Amino acid sequence: MVDRRNSPPKRRRDDHDNHDDCDSPPPKRSASRTPPNASPQYRLAARPRRYSGQDGEDSRRYYREEPSPRSRSQSRTRSESRSRSTPDRPSTPPQRGPGPAKPTELHYTPTFILRGHKKGVSAVKFSPDGRWIASCSADCTIKIWDARTGKLEHTLEGHLAGISTIAWSHDSKILASGSDDKSIRLWDVSTGMAHPTPFIGHHNYVYSIAFSPKGNMLVSGSYDEAVFLWDVRAARVMRSLPAHSDPVSGVDFVRDGTLIVSCSHDGLIRVWDTATGQCLRTLVHEDNAPVTSVIFSPNGKYVLAWTLDSCVRLWNYIEGKGKCVKTYQGHKNTNHSLAGAFGTYGGGPPPHQWAFVASGSESGDIVLWDVSSKNVLQRLSGHTDAVLSVDMHPTEKLMVSGGLDRTVRIWKESISPPQSALEAAAAEPPRTNGFDPEILPPNPFAAA
Amino acid sequence: MNLSLVDPFVLAQDCPEVITGRLRSGHSTSIRFSHRGDLLASGRHDGIVVIFDIETNGVARKLRGHTRQIQSLSWSTNDRYLLSAGQDWKCVLWDLKDGSRVRTVRFEAAIFIAELHPLNHMLFAAALFEDQPVLVDMSNEVPAKHTLPTAPRRSQLERENASEKQAAQDAKQTTTVTLFTPSGDHILAGTNKGWLNIIDAMTCQMLYSYRIANSIIVLLRLTQSGRDVVINSSDRIVRTLHLPDLSDPKFDFESLQVEVEHKFQDLVQRLSWNAVAFSSTGEYVAATTYMNHHVYIWERGQGSLVKILEGTKEELSAVEWHPFRPFVAAVGVDSGRVWLWSVLQPQRWSALAPDFAEVEENVEYIEREDEFDIQPLEEIHKRRLDQEDEEVDVLTLEPVKTTTEHGAGDFRMPVLLDIEASDSEDEVVAVGAGQFRRRSPGAGREWMNDGEGVSGDESRKTNGSVAQNGTKRRRAG
């Protein structure tokens, strides 16, 4: 328990013994590196786009393919007119032709507050089919909620210690969880039963896991500084990646499964070849701030990493030796492992779709940034404590968040902007679900 | 998506070099890669078909239904269905989604090879032992068998001058190999007298015949384009030849002149070849050798031997080349293992840290003008953030080059948990510390009783239940 004070930040540490006092002494690693200010001073103003007409080839596919004859014909006419101007710039965004203009703000409003976890919620995830929300917590349970109604479907119990991470398989039938009891468990979501053989092999807390797109492999990062690649069918370690010199805080698979990214408190982000286990790229920022979470972009060409200097950085890992292309600031992140997600906005067909980055903040807010302009699109308040995890619905404009205030909240984008977000929230308070643990008799096992 | 990061010199290698792994589940006898290249089907000596996941080297599914050794395997184009032909004289079409048997087709003769139609997984062609080859339509419960011709097509002149003896000989021929062209319009067939026949798959008419060798044609393989054929015949010569586009409507079979492109043989050791395979592009031909532990690889540009894969201590039978990677799998005859050869990818040290660089010789470092200037941190931060002004597209997907990625409607192999535990791969079970015994006969073979009746397999294994002491005793000395 003593070393816990000095250990690097951990998602579920603060609420372990005391709910109210969540400001434990800052971990030594981040203490010296905390930037002088975490306020969004360097945010750039909205800037006109530089490249006017590019892209939209018919051969290209989009992250969320929405079949629309309109968009197809548009892109065709565009490609004809484009042939004269700058011919090939592969990574420039599609031209916004006649269509909805790019919104400058988003209007997510709270719809549900799901209570039930007895300790802080460390991760929330939508299932790939969008039906379920899984949340895991320091209270050693995972809860499966219906994403539409907010109904609690299952409470998965079996881990012997707090759970830091969860991952869905591509078919939404299996949920994997990594826990401080050093094991990874698989759960059958339809029955709520744990698979009898846990994945044993890590020597310390399992901190982050991800399924391969086919579901045949699982990658895990642990406090024992190793990244393990598991054969899911046989529940055995296939490959151990000699990854880092500090706890591995985040792992992810690229969309076709050929690459793995891992990040660690040593400040490194490494990209690995899944088939050979070779390190292909190492990304490091000059300040060397501990990296707490990393994900691939939806198209797999960038990685997004959260660091304890209150920054979220977008890296182009392909070009040259890897380059930080965007820094998103405006949230507070110096102690906890925050995690977030990519989302899309701008309701139109793919050329009129833009991406944003959603992240929690230790102030209790959720911040949404536009990927390209780095502008804050919305700042959502509601959580009363740090928001550790945010996830976006795979197809709809839904967002889920979970944090140290033990609630899971579902947010929905309202089509018409309300006069005032506060007014609207007051007019229609979010429905709560389950019970408030504050009013329950104390759980005799909770403190143990 | 890893291709942009991998060393281009490694990517340029297109011929495997070293043993990189081996797969084992029972005694394998025949193998076949799926079209997408992520699965390898392996037919076992005991009649079980095992699907290996090439990415994890684990077993993805086990299919039980045959009672004898598996003779050949064939995947449907979407990789969802698998046709297996066994020495129990039947072919089974498996649905890999749930592992069920879609159809079981029995024959009155042993089967050399059974090949699924590339477009219609309910249609297959089979070459039978001492019987006419058949085209089987399984779309109905009761499969319809259409006999395919074997007798070579003679020209008008030859037909007129045909002696009775020749006609009798033609009638006596049997087809040993059948193979669909990629369009599915034609069937290539090889006979025991060395004839290469082209049969129309619709009308079952012989379109073309050419005598390519004087002895049995053991195996025919096509490239993915269907324009190149490799022929293994028992006269110890592997032949390659080039075909015109057979599906071209203007193509006239009367004008077809088949010419052997290369004859690969070993004149010194007089090696004979067990099995042959084309590489993914057809650039190379791999062959396993009889009574020899090597896989020979020739390239077709010059027709020269470029590599001999070695490392096994046993003869190899079936050989397969991965559909798009430099990756060869071959079955060991003695152990029944599947051996895998591939290229090694060395770790590039420059990838481990952004300030590492790999240099050929010493380089004098020239520092930048401002490299050691001291600037206010604020200034650096601000400048850096101001530079981040490019448009970033995180949504648009690049068109896929290889076929590993699954589309929305594609079949995905379900992930079954605990498949290894469901039956032990060996016939030996551990009963205590260092104590092993043979698995009792029939254990784990309950599936055989589901309407199959008693098979000959049980009787073969009656002496299997002798308890064994696994610990070795040392003589006191």
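**Entry 1: A:Asn288**

I started at A:Asn288, which at 29% relative accessibility counts as partly exposed. The model is a predicted one. I placed A:Asn288 in the loop between E18 and strand E19 (291-296) of chain A. I then looked up the backbone and found a positive phi of about 60° at A:Asn288, although this residue is not a glycine. I noted the background here: most residues other than glycine have a negative phi.

**Entry 2: A:Lys374**

I went on to A:Lys374, a residue other than glycine with a positive phi, near 65°. I found A:Lys374 in the loop between strand E25 (366-370) and strand E26 (376-380) of chain A. Is A:Lys374 buried or exposed? I have A:Lys374 as buried, because its relative accessibility is 4% and the cut-off for buried is under 20%.

**Entry 3: A:Pro196**

I looked up A:Pro196 in the loop between strand E9 (193-194) and strand E10 (199-200) of chain A. I list A:Pro196 as exposed, since its relative accessible area is 64% and exposed means over 50%. I also checked A:Arg185, which is 11 residues from A:Pro196 along the chain; their C-alpha atoms are separated by 8.5 Å.

**Entry 4: chain A against chain B**

I turned to the interface. Chain A brings 74 residues to the contact and chain B brings 54 residues. I have the buried area between chain A and chain B at about 6000 Å², with 52% of it on carbon and sulfur atoms. I recorded five salt bridges across this interface. I looked at the salt bridge between the side chains of A:Lys214 and B:Glu55, where N to O is 2.6 Å. On the side of chain A that touches chain B, the elements giving two or more residues include strand E14 (236-241), strand E17 (268-273) and strand E24 (354-360) of chain A. By class I noted 32 nonpolar, 21 polar and 21 charged residues on that side of chain A.

**Entry 5: nonpolar cores**

I looked up the largest nonpolar core, which has 49 residues. B:Leu220 and B:Val295 have the most contacts inside this core. Which strand gives the most to this core? I found strand E22 (residues 273-278) of chain B, with five residues. Leaving out residues up to four places away in sequence, I listed what B:Leu220 touches; among them are B:Val177, B:Leu188, B:Leu196 and B:Ile231. I noted another core apart from this one, of 21 residues, including A:Tyr302, A:Leu338, A:Val371 and B:Leu395.

Terms used. Residues numbered from 1 in each chain as written. Chains lettered and ligands numbered in written order. Predicted model: local features only at pLDDT ≥ 70, side-chain atom pairs only at ≥ 80, totals over all residues. Heavy atoms only, no water. Contact = heavy atoms within 4.5 Å. Buried area = accessible area lost by both parts, 1.4 Å probe. Salt bridge = Lys/Arg side-chain N within 4 Å of Asp/Glu carboxyl O. Helix = DSSP H or I, 4+ residues; strand = E, 2+ residues; numbered from the N terminus. Nonpolar A, V, L, I, M, F, W, Y, C, P; charged D, E, K, R; others polar. Buried < 20%, exposed > 50% of the residue type's maximum accessible area, 1.4 Å probe, protein only. Core = buried A, V, L, I, M, F, W, Y, C linked by side-chain atoms within 4.5 Å.
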